Amino acid sequence: MKQWYKTRKKDPFYIKAKKNDIISRAYYKLEEIDKKHNLFKNDKNILDVGCSPGGWTQYILKKNPKNKIVGIDILPAAEQIEGKIKFYMMDLNQYQLIDELFTSNKYTFDSIISDIAPNTSGNQFIDQTNSYDLSMLSAKFIEKYLNKGGNFLVKNFQGEDTEKLFKFIKNFFDKTQYIKPAASDKKSKEIYILGLLKK
Ligand SMILES: C[S@@+](CC[C@H](N)C(=O)[O-])C[C@H]1O[C@@H](n2cnc3c(N)ncnc32)[C@H](O)[C@@H]1O
């Protein structure tokens, strides 16, 4: 048995997800952040970038089935959520196409969340650069598509560009902070940036 599989099988969040029919253990990261910051109050329009297989979407719909979610991913979403959201199987690098699509659909959102992550190569510098590019593309949605008072959450593999990303996001919000949820592997470089209350 491969080492990562052995480690995963012992992971308490993986075990909890399996037991409770949760699509992905990422569910627990969003749950922890939301329990502290109450991001999805009332009926909301939410953009979930890098949404597959669908743990975050599952959490948001469980909290309030009336929440309306637009999801984007290059990979398919789990069957149990695909029919419940507006899902676009697209590459975020095709930003212009997505921008045109959102504009023509007159989309605006109360929350934009992005758990997007590149395939890892094992080379930390390349992985961090790719993560920065995808996190930054997610942050580009803020100006045009996030409503005033809205919130933004994005994942990033921590590196020398992370501070630049943080500063870019900070411009738009009353409060901006870093978060490392308990379900995020301590050894991983993954960190989240949360912007609260768009100005
Ligand atoms: C950590 S997973 C997201 C997990 C998800 N939040 C959940 O709760 O199930 C990261 C996702 O980013 C997606 N992704 C990576 N690069 C992408 C790109 N260029 N465009 C769209 N999605 C991308 C991957 O396909 C993957 O589904």
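Q: What's the strand order in the open sheet?
A: This is a predicted model. Its open sheet has seven strands, in the order β3-β2-β1-β4-β5-β7-β6. The pairing is mixed.

Q: Which strands are the edges?
A: β3 and β6 (173-179). Each of them pairs on one side only.

Q: And the twist, from one strand to the next? What does it average?
A: The average is 10°.

Q: Where does antiparallel pairing come in, say for β5? Which sense does it take with β7?
A: β5 (residues 146-157) and β7 (residues 190-198) are antiparallel, with six bridges. N156 is opposite I191 of β7.

Q: Which helices pack there? Start with α3: what does it touch?
A: α3 packs on the sheet and touches β5, β6 and β7. Its direction makes about 30° with that of β7.

Q: And α7? Which strands does that one touch?
A: Helix α7 (residues 124-139) packs on the sheet too, touching β1, β4 (109-114) and β5. The direction of α7 makes about 170° with that of β5.

Q: Let's do β4. How many of its residues are buried?
A: Six of the six. So β4 is largely enclosed by the rest of the structure.

Q: What are the β4 pairings? Take β1 and β5.
A: β1 and β4 run parallel, joined by four bridges. D48 sits opposite I113 in β4. β4 and β5 are also a parallel pair, over five bridges. There, I112 has F152 of β5 as its bridge partner.

Q: D48 again: which residue is its bridge partner in β2?
A: G71. The strands β1 (residues 45-49) and β2 pair in the parallel sense, with five bridges between them.

Q: How does the chain get from β1 to β2?
A: Through helix α4 (residues 55-63). The β-α-β crossover is right-handed.

Q: Why call β2 largely enclosed?
A: Because five of the six residues of β2 (residues 68-73) are buried. A residue is buried here if 20 or more other C-beta atoms lie within 10 Å of its own.

Q: What about β2 and β3? In which sense do they pair?
A: Parallel, over four bridges, with β3 spanning residues 86-89. V70 has K86 of β3 as its bridge partner.

Q: Switching to helix packing. What's the angle between α3 and α4?
A: About 45°, and the axes are 7 Å apart. α3 covers residues 26-37. That angle makes α3 oblique to α4.

Q: Left-handed or right-handed crossing?
A: α3 passes α4 in a right-handed crossing.

Q: Which residues make the contact?
A: On α3, A26, Y27, L30 and E31. On α4, G55, W56, Q58 and Y59.

Q: How far is A78 from S52, C-alpha to C-alpha?
A: 6.9 Å, although the two are 26 residues apart along the chain.

Q: How exposed is A78?
A: It's partly exposed. A78 has 15 other C-beta atoms within 10 Å.

Q: Back to backbone angles. What's phi at D21?
A: Positive, about 60°, although D21 is not a glycine. D21 is in the loop between α2 (12-19) and α3.

Q: Buried or exposed?
A: D21 is exposed, with 8 other C-beta atoms within 10 Å.

Q: And K106, what is its phi?
A: Near 55°, again a positive value in a residue other than glycine. With 6 C-beta neighbours inside 10 Å, K106 counts as exposed.

How values were computed. Residues numbered from 1 in each chain as written. Predicted model: local features only at pLDDT ≥ 70, side-chain atom pairs only at ≥ 80, totals over all residues. Buried ≥ 20, exposed ≤ 12 C-beta atoms within 10 Å, placed from the backbone. Helix = DSSP H or I, 4+ residues; strand = E, 2+ residues; numbered from the N terminus. Pairing = 2+ DSSP bridges. Right-handed = clockwise from strand over helix to strand, strands pointing away. Axes fitted to C-alpha atoms, helices over the stretch in contact; angles between N-to-C directions. Parallel < 35°, antiparallel > 145°, perpendicular 65-115°, else oblique. Left-handed = near helix turned anticlockwise from the far one by under 90°. Contact = placed C-beta atoms within 7 Å.
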